[in-house]
Amino acid sequence: MSDWTYGYVADIGYTFGYYTELNPLRMRLAFLNAGLATPQVGAACELGFGQGMSANIHAASSTVQWWGTDFNPAQASFAQELAAVSRAEARLYDQAFAEFCKRGDLPDFDYIGLHGIWSWISDENRAVIVDFIARKLKVGGALYISYNTMPGWAAFAPMRNLMTEHAEVMAAPGRGIVSRIDAAIDFAEKLLATNPNYARANPLAAERIKKIKDQNRHYLAHEYFNRDWDPMPFADMARWLEPAKVNYACSAHYLDHVDAVNLSADQQAFLKDIPDPMFRETARDFMVNQQFRRDYWVKGPRRLSALTQSESLRREKFILVTPRADVSLKVSGSLGEATLQEPVYGPVLDALADHRAKTLAQVEQAVQAKSINFAQLLQANEFADKRLPILKALEIA
Ligand SMILES: C[S@@+](CC[C@H](N)C(=O)[O-])C[C@H]1O[C@@H](n2cnc3c(N)ncnc32)[C@H](O)[C@@H]1O
């Protein structure tokens, strides 16, 4: 492994994934649903873009000016090639965060996004990123950040440490990362087969090892085999971001907004009694045994009046992105699988079945004859589950 990696796995490329949460256009619905004003995004930046699929798709499909970096030159080269082909003029570099964040030619950004970065880098690099957000995110601008968190990783964290240590200490010198990963998984399985007290106290650990065995080695290398791996509780994340003057806005994962599929009635009532919204998030993470958070933060949150919120929501445009017949009314949340009610969701989906972009006001009009009102579509908590098709099946045009 060469020096420029800071202990990050660089001898195997990352997967070619697209992450919809990184799309700034999607942010509006989540912010409006949370009752917050959303920034207009002119300039956006992605830190650690991997193969650059998301940055390139977002640059090619909008008028947003994109910048970004990923220090793996093979990945940056692929990302640049995509940008050249699409002529999106995305400015994508192969600089380390410390180098990129000092560039003198960067604009101030309305949006900064990092997906799958924060838990896998050193404190030193985290400080570089927080300083960058403090200096370069505009007032009113939004940050999207995802990270491994607690308590979801509490049981498996020691096993992850054991596997990385095995890969470092026990692997024969010169063996490539894939064979070191295979050997570490094999070792973990054999250890668990001896029925250690750890396995009795954490019965899910063996199941996870079984699942890991079948996963893509490129993904595993980056998820588990970096020197740094730090699942961070939400409160610690908030402390890290304090100097950047950003506040927690809402989850970027739409389904998190729908309590009915994630929290029992008792849990909802329990959380409602917690006055501090930040502490409420921490307690909620225990309810759902949160493993991975996908969050929006904002520099200077502005709360909308109920009227502005509903007017803004009515102006939002949606488009059905899958054939009507393929939309399943089954959804999975932390509580398990739920089936949405056809009498409410069917007409909403029918209204969008022509795949033309429509404002929520137009959808509202189309379903009025079926006695489905705006409150049912979006607002009232007791109808939160009925809001799901809007949140799940549709993307903002
Ligand atoms: C787990 S991958 C996530 C990639 C991408 N965001 C995605 O979700 O597909 C983390 C990425 O961060 C990059 N990275 C890690 N440390 C970095 C640093 N100090 N400077 C720049 N890039 C870094 C790695 O090369 C890798 O592509």
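**Note on the predicted model: core, helices, loops and ligand shell**

1. The largest nonpolar core has 85 residues, and A142, L143, Y296 and W297 touch the most other members. Strand β5 gives the most to this core, with six residues. Such a core is a set of buried Ala, Val, Leu, Ile, Met, Phe, Trp, Tyr and Cys residues joined through C-beta atoms within 7 Å. Buried means 20 or more other C-beta atoms within 10 Å of the residue's own, exposed means 12 or fewer, and partly exposed lies in between; C-beta atoms are placed from the backbone.

2. This is a predicted model: local features need pLDDT of at least 70, side-chain atom pairs count only at pLDDT 80 or more, and totals for chains, interfaces and linings use all residues. Residues are numbered from 1 along each chain as its sequence is written.

3. Look at L143 first. Not counting residues up to four places away in sequence, L143 touches I112, I133, L137, V246, Y296 and W297. Contact here means C-beta atoms, placed from the backbone, within 7 Å.

4. F109 is in strand β4 (residues 109-114). F109 counts as buried because it has 23 C-beta neighbours inside 10 Å. Leaving aside neighbours within four places in sequence, F109 is in contact with A43, A44, C45, K136, L137, K138 and G141. F109 and L143 are 34 residues apart in sequence and 9.7 Å apart in space, C-alpha to C-alpha. Helices (H or I, at least four residues) and strands (E, at least two) are DSSP runs, numbered from the N terminus.

5. In α6, M159, R160, M163 and A167 are buried. These four cover an arc of only 105° around the axis, so they sit on the same side of α6. The arc is taken over the directions from the helix axis to the C-beta atoms. On the other side, P158, N161, E165, E168 and V169 are exposed.

6. What do the buried residues of α6 pack against? They pack against α7, α9 (204-213) and α10 (217-224). In α10, the buried residues are L220, A221, H222 and Y224. Their cover includes α6, α7 and α9.

7. Check the backbone at three loop positions. A cis peptide bond joins M150 and P151, with omega about 5°. N195 has phi near 55°, a positive value in a residue other than glycine. N195 is in the loop between α7 (177-193) and α8 (197-201), and is exposed, with 10 C-beta neighbours inside 10 Å. K245 also is not a glycine, and has a positive phi of about 60°. K245 is in the loop between α11 (234-241) and β6 (247-251), and counts as partly exposed with 14 C-beta neighbours inside 10 Å.

8. The ligand has 22 residues around it, and G48, G50, F71, N72 and G116 come nearest. A residue is near a molecule if its C-beta atom, placed from the backbone, lies within 6 Å of it. The shell divides into eleven nonpolar, ten polar and one charged. Ala, Val, Leu, Ile, Met, Phe, Trp, Tyr, Cys and Pro count as nonpolar, Asp, Glu, Lys and Arg as charged, and the others, Gly among them, as polar.

Definitions and conventions: Contact = placed C-beta atoms within 7 Å.
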